[in-house]
Every structure is written in C-alpha cells, then in structure tokens.
Amino acid sequence: MANEVAELIFIPAPGVGHLKLTMEIAKLLVNRDQRLFITVLVIKPLSVNSGTAVTAYIESLAENNMDNHISFILLPQDETQPFHDPKDPSNSPIEFIKSHSKYVRNAVTDLKRQPGSRWVAGFVVDMFFTSMIDVANEFDVPTFVFFTSNAAFLGFTLYIKTLCDDLNRDVVDLSNSGTEMLVPCFVNPVPTKVFWSGVKTRAGLDFVQLFARKLGEAKGIIVNTFLDLETHAIESLSADTSIPPLYPVGPILNLEGGSGGGKPFENDVEIARGLEQSGYRFVWSLRRPPSDQTSRVPSDYEDASVVLPEGFLERTRGIGKVIGWSPQAAVLGHEAVGGFVSHCGWNSLLESLWFGVPTATWPMYAEQHINAFEMVVELGLAVEIDLDYQKDLYNTKANTMLMHLCLYFVCIRSRCKRCPCQSCKLTKSTVLLV
C-alpha cells in the first residue's frame, strides 16, 4: 500500500471561519503527500446570511483551485429545519447535525462507487460534528477530530463531561455560581464566570456533553495550537490515557483575507468617547449587529456616524479611521499597529501572536471568555480590559473603563510576560479594535 492513493473525507462545521481553517489544514496535508486526496463535504448553515457567505466562499475556491487534490461537495438539506430559538442558540445543533448524517453517508457511498475511486482512508470532522464518527464507523474507517480552538478549551470541554458523568455535578448551576474551580488543563483556578456559554443552559449542556463524549471515540484529535504556547494543557491532556492521541499542528491561520471582520461592540458611544479622549491612533472595525437572529453574522453600516457621538468622525480625522469589515491579518501585520482590542476568538488570538501585537481582551460569547482567561492569567500574553466579563458586558454605563483604554497599551509591553512584541519600537502606536 506504499504507493496507493488515499481519500480523506473532511466535514467542517457550517460557517466560513471553520471552513477556512479546514481548507488551510487540507492544503498542508496534500502538499506534504501527493498520494493524498481530500473531499470536503460542505454543510450549509441555518442562517441565510451565513449560507450565502459559505456558498460564495466555496465558489471562489472552485474558481481559483489549482490543486485537483481537493474537491468539494455541497450537501443538500432537509426542507424542514430543526426549530431554532434565537434566545438560546445552543438548542438546535443536535438535530441539525443528525439530519445531515444520511447526506454524508450518501455522498461517501457515491464516491466509493465511482469508477477508479480512491481508497477512503478516514474522516476528519469538525470538533462539533463528532457524531459523524458513527457514519465513519459504517464504512469501517477511523475518524480524526479537528479541534479548531485551543488545547486548554479542549481540556475544559472534556472536564465538563467528567463533572457530569463521573462526579454528578450540576454544571449549569456551577457555571452561574460565581466561584472558582480546579480544571486539570489549567494551572490556575478557573472562575466559573468565564465558563463557556454553551454550558450555561440545559439545552446547551446537552449538546456539549454529546460531542465531548464522542471525542473519546476518535482515533486522534488535531488541535490548532503548539507545544511552546500551551505546554501545560498539552502535557496534561497527553498524560490522560482516556483521551485519544493529541496532534498539536498549529498555528493554522486564516491569512488569506483576515477573519470574518469585527463583531459589534455593545458600547459604541462609550468606546468612541474613550478613543477620542485617549489621543491614540486607531483603526476601528465597526459592524452592525446581526439582522438575522439565527446567526451571529454582522454587516457593515452604510453610515457609521448614526451610532457614534455627533462630530466624532470629524474630530478624529487624521488620528483614527472607522471602517466596516477589515482584513484583520493584513492590519495586524502592519508595522504601525501596536495594540489589538479583541473579542478573543482563537484564530484572532493566534494572529496577534503571529504578528507580535499585544492584545487587550474583550470577550463576548461562546468560548471567548475562557480564551481571554488563558491568555491573561495562564500565559501572561494579554491584558484584560476591566470588565467583569459577561456581567458588565452589556452595561452601557460602564464607560469609565473606556476612558482609560489607552492605559492598557501604555503598560501592555511590561505586563505581557513572554510576548514577542516586547522589543517592538514605540512608534507602533496604532490600536486596532476588531
């Protein structure tokens, strides 16, 4: 079998961010071994806006794909989609994912029946699609999970399963208790206020338990991180024999156009006042909150001045720039950028480390809070904007903190213990808010 060509089936989560990272690791794999071919099974998201973005991205890949080792199949969907409650976005993934199992099965069956078809060697599924391991088992092939976030969050997710299954703890009550607890993959006690939002409701916890339990059935877990960054978390996970082998392959970055753009801040007026009074140069990716409540896809304002203090754009002309979607990687890579206010998506944090730009954390949802905790407390690679995470996140009166925004970037180099940007020149004085 040394010269036999092989086919891998990739199943990314529906969303441009996960799909782009999947494409990056797919390209790395086929470039390493020309005997390898990859078919990406693309699932359209529930959101109309997100679905349009995914379709447009796939079309652009198909038009510009110079490598015939990677191909795409856009899977159909059931006409009637699972009920989605916008107030509790965790309540529909189980049925949504389950509804695609038959389409995955049909697509792989069709591939295997094609004349001259290649040997299907295995599945590589997104971290949220571990239930597809059952489909892979039907074809008697192994499954690897691509965990697009970090090792500490992987360990946290697995510990949630331990709390529920082995220790019989009520994780929903615990996550809202305002206490701290020891988590094996963290050196420091983890405040329950930074727990992933997915475990703060019963429906969300059901989904987390489902995919966390299936993680143990994988042949291995590919994690978007590296040993020098998350030494303790990786060593902790690797020492646990109940966890499949860990493959830290990061940093896998989406550098082709930056991230999906900035997410809406809830305190636009207060941020504007803080920026203006700080006197710092800035680039602000200001986005409109999602109009489609089944997604978190922001859009650009036709006229950003409608949500900003009167005269702000005129008074800050020549000092700052308010834009819509931003090519985040390109901006972070600019020599003038010396600070980054981030909502702490893992890809954004990896980009900031890659370009040596210090970060001030402003988490909003999903695992962003625990990412921020790891960066600030565990690794000392960021500083925290003085918010009580979710408690004060939507408090529009919390503008005192914004008045002192500049202080974080004055002292950030001395507080980031191992940040590679400590040797940067002081001329890097522009702040990026995304």
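I looked up Asp-173 and Arg-202 first: their side chains meet in a salt bridge at 3.8 Å, N to O (a side-chain nitrogen of Lys or Arg within 4 Å of a carboxyl oxygen of Asp or Glu). Asp-173 lies in helix α7 (residues 171-175) and Arg-202 in helix α8, so the pair ties together parts 29 residues apart in sequence. Helices here are DSSP runs of H or I, at least four residues, and strands are runs of E, at least two, numbered from the N terminus.

I noted that the model is predicted: local features need pLDDT of at least 70, side-chain atom pairs count only at pLDDT 80 or more, and totals for chains, interfaces and linings use all residues. Residues are numbered from 1 along each chain as its sequence is written, and side-chain values use heavy atoms, without hydrogens and water.

I then checked accessibility (buried is under 20% relative accessible area, exposed over 50%, partly exposed in between; 1.4 Å probe, protein chains only). Asp-173 is partly exposed at 48%, and Arg-202 is partly exposed at 45%.

Next I looked up Lys-214 and Asp-134, whose side chains form a salt bridge at 2.7 Å, N to O. Lys-214 is in helix α8 and Asp-134 in helix α5 (residues 133-138), so this pair ties together parts 80 residues apart in sequence. I found Lys-214 buried at 11% and Asp-134 partly exposed at 39%. Asp-134, Lys-214 and Glu-217 are linked in a network of salt bridges.

Last, I checked Lys-27 and Glu-24, a salt bridge at 3.3 Å, N to O. Both lie in helix α1 (residues 16-32), three residues apart, about one turn of the helix. I recorded 13 salt bridges in the structure.
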